[in-house]
Amino acid sequence: MQKPVRPEAPENLLPADKMGEVITQMHLADALVSSMHQASDSALIHRKSMYGLIYKRAGVSENDFESSFNYYKLIPDRIDSIYADVIEELGKLESQKSIAR
């Protein structure tokens, strides 16, 4: 059986931990936008604006994030590992929120 060929990494590949941080923030932004109960076009505008702030705060471009995401999703064990970290971090944040209540 032939070993699968790994895709070529993009020039500005974000490290897996940085990807996890950005994805975690994106999920939090999505939850916030969803809780606003806005029309879909308004929600899309807010989501895009929030993603822009997330990229800026993380020091990455949208293009670098997108190309890195597209690369990692072609390597199932890597994207699974990134999302496992995201789920763990979101769980920690949820626990902290529950404790603060």
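This is a predicted model: local features need pLDDT of at least 70, side-chain atom pairs count only at pLDDT 80 or more; totals for chains, interfaces and linings use all residues.
Residues are numbered from 1 along each chain as its sequence is written, and side-chain values use heavy atoms, with hydrogens and water left out.

**Overall layout**

- The secondary structure comes to 4 helices and 0 strands, where helices (H or I, at least four residues) and strands (E, at least two) are DSSP runs numbered from the N terminus.
- Along the sequence, the pattern reads α-α-α-α.
- Taken along the principal axes, the box filled by the C-alpha atoms is roughly 50 × 30 × 25 Å.
- Of the 101 residues in the protein, 25% are buried; buried means under 20% relative accessible area, exposed means over 50%, and partly exposed lies in between (1.4 Å probe, protein chains only).
- Take the contacts (heavy atoms within 4.5 Å) between residues at least 6 apart in sequence: 73% of them join residues at least 24 apart.
- The mean positions of the 12 positive and 15 negative charges are 3 Å apart. Lys and Arg count as positive and Asp and Glu as negative, while His and the chain ends are not counted; the place of a charge is NZ of Lys, CZ of Arg, CG of Asp or CD of Glu.

**The nonpolar core**

- In soluble globular proteins, nonpolar side chains tend to be buried together.
- A nonpolar core here is a set of buried Ala, Val, Leu, Ile, Met, Phe, Trp, Tyr and Cys residues joined through side-chain atoms within 4.5 Å.
- The largest nonpolar core has 21 residues, and M19, V22, M26, Y55 and F65 touch the most other members.
- Helix 1, helix 2 (40-58), helix 3 (62-72) and helix 4 (76-100) each supply at least two residues of this core.
- Leaving out residues up to four places away in sequence, V22 touches I54, Y55, A58, V60 and F65.

- P15 sits in the segment before helix 1 (16-35). P15 counts as partly exposed because its relative accessible area is 44%.
- The C-alpha atoms of P15 and E88 are 18 Å apart in space, and the two residues are 73 apart in sequence.
- The 20 residues of helix 1 should span 28 Å at 1.5 Å a residue, and the end C-alpha atoms are 29 Å apart, which agrees; the expected span is 1.5 Å times one less than the number of residues.
- Buried residues of helix 1 are M19, G20, V22, I23, T24, M26, A29 and V33.
- Just after helix 1, H37 takes a positive phi of about 50°.

- K48 lies in helix 2 and counts as exposed, at 54% relative accessibility.
- S49 and E94 are 45 residues apart in sequence, and their C-alpha atoms are 24 Å apart.

**The loop between helix 3 and helix 4**

- I75 is found in this loop, and I75 counts as buried because its relative accessibility is 4%.
- Apart from neighbours within four places in sequence, I75 is in contact with R6 and P7.
- I75 and I23 are 52 residues apart along the chain, and 17 Å separates their C-alpha atoms.
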